[in-house]
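Please read this note with the sequence and the model open side by side. The points below go from the whole chain to single residues.

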Amino acid sequence: MAKINKNAVLLEAKGLYKTYTQTSGFFVKKQRVIKALNNVSLSIKKGETLAIVGESGSGKSTLARCLLQLLSLDQGELFFKGKNLNSLDVEGKKYLKRHIQMVFQDPYASLNPRMKISEILEEGLLIHDLGDKFSRDKKMRDMIKKVGLEVSDLNKYPHQFSGGQRQRIGIARALIVEPELVICDEPVSALDVSIQAQILLLLKELQKELGLSYLFISHDLRVVRHMADSIAVMHQGKIVEQGSIKGIYEKPKANYTRELLNAIPGNHFKFKVS
Ligand SMILES: Nc1ncnc2c1ncn2[C@@H]1O[C@H](COP(=O)(O)OP(=O)(O)OP(=O)(O)O)[C@@H](O)[C@H]1O
Ligand SMILES: [Mg+2]
């Protein structure tokens with residue numbers, strides 16, 4: 001099991017802003033500015049899971065894309081292991097690309113249908129120059145077994161797998177380059193309910209074994225409760241409340257958090273909303 005110093009901050013975001021401009025109308029063009037991130041700050045500790053919850057459109061995926069540097073920020077600062085990401089050189093950017101990986105929502109769209117599983121897994125190893133052919137093959141065999149599939153599956157194509165199995169492949173692809181932080185953007189919401197628990201359990205086991213940190217994005221507060229150490233609640237681009245699992249579920253402060261908790265199906269206890 002990986003030895004980890006749980007209190008070390010792995011990733012820190014300070015005052016992130018991101019706006020989109022949407023144009024609508026055919027004859028008369030109207031422009032609408034959407035504040036997708038409006039002064040968002042958070043930190044993720046080593047070996048821990050921070051969940052981001054919030055309804056559709058609250059800015060969760062925008063946050064994920066900004067952290068992965070797939071989108072540029074309008075304003076704000078990001079630190080990974082204390083290093084300011086605005087000042088990274090080419091090597092630093094490559095390091096970051098390896099150490100922050102992503103598991104996507106849709107395991108159907110996120111795997112290239114023309115690539116064998118071995119090619120999908122090997123891609124990251126080649127990009128990051130990790131090992132020779134022999135050690136890459138061994139890493140792939142080890143990883144495919146770790147996610148609960150078989151070595152013979154490496155020779156197959158994505159269409160030969162079910163949704164849950166594809167998500168296992170997506171997880172293997174993210175983990176094979178040995179990242180420190182994995183951003184999971186709604187990793188089970190496209191799967192059958194019966195499969196969701198298996199994938200969540202797998203993510204938890206791998207976290208423990210490999211000492212991973214997760215940023216776990218979800219709109220489902222029931223799922224988050226079992227996955228996270230702490231939660232940030234997003235609403236219209238802002239974090240309206242942040243705290244431990246116990247604090248948020250037992251003593252939610254923000255009205256919006258109370259509304260989200262009250263909306264959980266089968267939840268008979270209702271918090272007061274002022
Ligand atoms: N590329 C884009 N161009 C313009 N507006 C965008 C773009 N991407 C997102 N938005 C808008 O920014 C806001 C935040 O979107 P985002 O996808 O981050 O939300 P989300 O919380 O991930 O939602 P969901 O739960 O539906 O995935 C929304 O109002 C969305 O319409
Ligand atoms: Mg999203």
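1. Residues 24 or more positions apart account for 66% of the contacts in the protein chain that have a separation of 6 or more. Contact here means heavy atoms within 4.5 Å.

2. A word on the basis of the values. This is a predicted model, in which local features need pLDDT of at least 70 and side-chain atom pairs count only at pLDDT 80 or more, while totals for chains, interfaces and linings use all residues. Residues are numbered from 1 along each chain as its sequence is written, chains are lettered from A and ligands numbered from 1 in the order in which they are written, and side-chain values use heavy atoms, with hydrogens and water left out.

3. Overall dimensions. The C-alpha trace of the protein chain spans about 60 × 50 × 45 Å along its principal axes.

4. Secondary structure and burial. The protein chain has nine helices and 10 strands; these are DSSP runs numbered from the N terminus, with helices (H or I) of at least four residues and strands (E) of at least two. Of the 274 residues, 47% are buried. Buried means under 20% relative accessible area, exposed over 50%, and partly exposed in between, with a 1.4 Å probe and protein chains only.

5. Helix H3. This helix covers residues 117–127, and its buried residues are Ile117, Ser118, Ile120, Leu121, Glu122, Gly124 and Leu125. They pack against helix H4 (133–146) and helix H5 (163–175). Just after H3, Asp129 takes a positive phi of about 60°.

6. Aromatic pairs. How many aromatic pairs does the structure hold? There are two. Phe26 and Phe27 form an edge-to-face pair, because their ring centres are 5.1 Å apart and their planes stand at 90°. Rings of Phe, Tyr and Trp (its six-membered ring) pair if their centres lie within 6.5 Å; planes under 30 degrees apart count as stacked, over 60 as edge-to-face and the rest as tilted. Phe269 and Phe271 are also edge-to-face, at 5.0 Å centre to centre and 90° between the planes.

7. Phe26 is exposed, at 69% relative accessible area, and Phe27 is exposed at 77%. Phe269 is exposed at 55%, whereas Phe271 counts as buried at 15%.
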